[in-house]
Amino acid sequence: MQTLLITGAAGIVGTALRPYLRQKYQLRLLDRQPILGLEAGETALAGDLTDPAFVNQAVVGSHAVLHLACAHGTGIAFGSTVEPNYHATLYLLEAAERHGVQRFIFTSSHHVLGQYRTDAAETFDDMPAAADSYYALSKVFGEAACAAWTLRYKLPTFVIRIGNADAKVSDARRVRLWTSARDLAQLVRIGLEHPQVNHEIVYGVSECPDALFSNARARALGYAPQDNAADHLAADFLPYDAMDPVHSGRDHVGGSYAGAALTALLGARS
Ligand SMILES: NC(=O)c1ccc[n+]([C@@H]2O[C@H](COP(=O)([O-])OP(=O)(O)OC[C@H]3O[C@@H](n4cnc5c(N)ncnc54)[C@H](O)[C@@H]3O)[C@@H](O)[C@H]2O)c1
């Protein structure tokens, strides 16, 4: 059985994906937080990705990497993203190339397109990046780094721009870009197993009403979502008219991220 290293495995997405991946892969679950509820076929690896020696050791013996870990948040300062998002991603890519990793999956975000108004296009799949935050800017970097490693080192890389991966759909913006864990796991499996993966960018979204992303590339690779966001509305789901017209960011792809002030380079604005 092949070993899949999952970074940030203690988080929301990692925890939700584990049940779908552990039958097929030996999971090496890396996080600086404790990994709860280890099952057969899973091992935990505690440490921080900002330590290159630790990253190198973590990658040894891994056939593939699913890189989830990052620092994020609406108002995150640029300086807070440098080590965990830029350096750590490069440490991983360098180690992946050094140790013959066969697939590298990078979880990006719809926030790389977050500054667009939702009425600016019918589908945003192929629009140029419009990062809505320093968090999103670091995802643009991660995507570019993946492309560079594919071209230079022939490392197959698969970028998943996740929409919203909460257990339930909370409002009228997120219903247009939500994903179930089951569908996200299907995309991860495509990224790990599809023979034609070179460098790909796909969207981590289920079937969504009035979808912001057509996800044509994922579908061409065989993606067939099993879930529809409309069937997973939260009990307190906010329809469009109930959303705050300004603070919710309901008219922007990135929601409230698009309207938040960018914090100063090395710290939060007072
Ligand atoms: N949850 C969503 O709706 C969503 C939407 C878009 C994109 N994403 C992307 O999916 C990925 C996973 O998101 P999530 O919601 O699970 O995030 P999360 O914050 O719940 O989990 C991230 C995990 O990474 C770990 N981590 C962070 N920095 C680390 C470091 N330097 N070393 C070791 N561990 C570190 C944290 O301890 C945490 O357990 C992220 O890359 C995120 O940008 C998620």
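This is a predicted model: local features need pLDDT of at least 70, side-chain atom pairs count only at pLDDT 80 or more; totals for chains, interfaces and linings use all residues.
Residues are numbered from 1 along each chain as its sequence is written, and side-chain values use heavy atoms, with hydrogens and water left out.

**Overall build**

- Along the principal axes, the C-alpha atoms of the protein chain fill a box of roughly 50 × 45 × 40 Å.
- The protein chain holds seven helices and nine strands, read as DSSP runs numbered from the N terminus (helices: H or I, at least four residues; strands: E, at least two).
- Buried residues account for 52% of the 270 residues; buried means under 20% relative accessible area, with a 1.4 Å probe and protein chains only.
- Take the contacts (heavy atoms within 4.5 Å) between residues at least 6 apart in sequence: 68% of them join residues at least 24 apart.

**Nonpolar cores**

- A nonpolar core here is a set of buried Ala, Val, Leu, Ile, Met, Phe, Trp, Tyr and Cys residues joined through side-chain atoms within 4.5 Å.
- The largest one has 28 residues, and Leu-4, Ile-6, Leu-66 and Ile-160 have the most contacts inside it.
- At least two residues of this core come from each of β1 (3–7), α1 (12–21), β2 (26–31), β4 (64–67), β6 (157–162) and α5 (181–193).
- The top contributor is α5, with six residues.
- Apart from that core lies another, of 23 residues, including Val-55, Leu-92, Ala-96 and Phe-106.
- Beyond its neighbours within four places in sequence, Leu-4 touches a set of residues that includes Leu-21, Tyr-25, Val-65, Leu-66 and Leu-192.

**Around the ligand**

- There are 24 residues around the ligand, and Asp-31, Leu-68, His-72, Tyr-135 and Lys-139 come nearest; a residue counts if one of its heavy atoms lies within 4 Å.
- Leu-68 places a backbone N or O atom 2.7 Å from an oxygen atom of the ligand.
- His-72 uses its side chain instead, with an N or O atom 2.7 Å from a ligand oxygen.
- Ala-165 has a backbone N or O atom 2.8 Å from an oxygen atom of the ligand.
- On its own the ligand would expose 830 Å², and the protein buries 90% of that, with areas from the Shrake-Rupley method and a 1.4 Å probe.

Terms used. Buried means under 20% relative accessible area, exposed over 50%, partly exposed in between (1.4 Å probe, protein chains only). A polar contact is a pair of N or O atoms within 3.5 Å; within protein, one must be able to donate a hydrogen and the other to accept it, and residues adjacent in sequence count only if both atoms are side-chain atoms.
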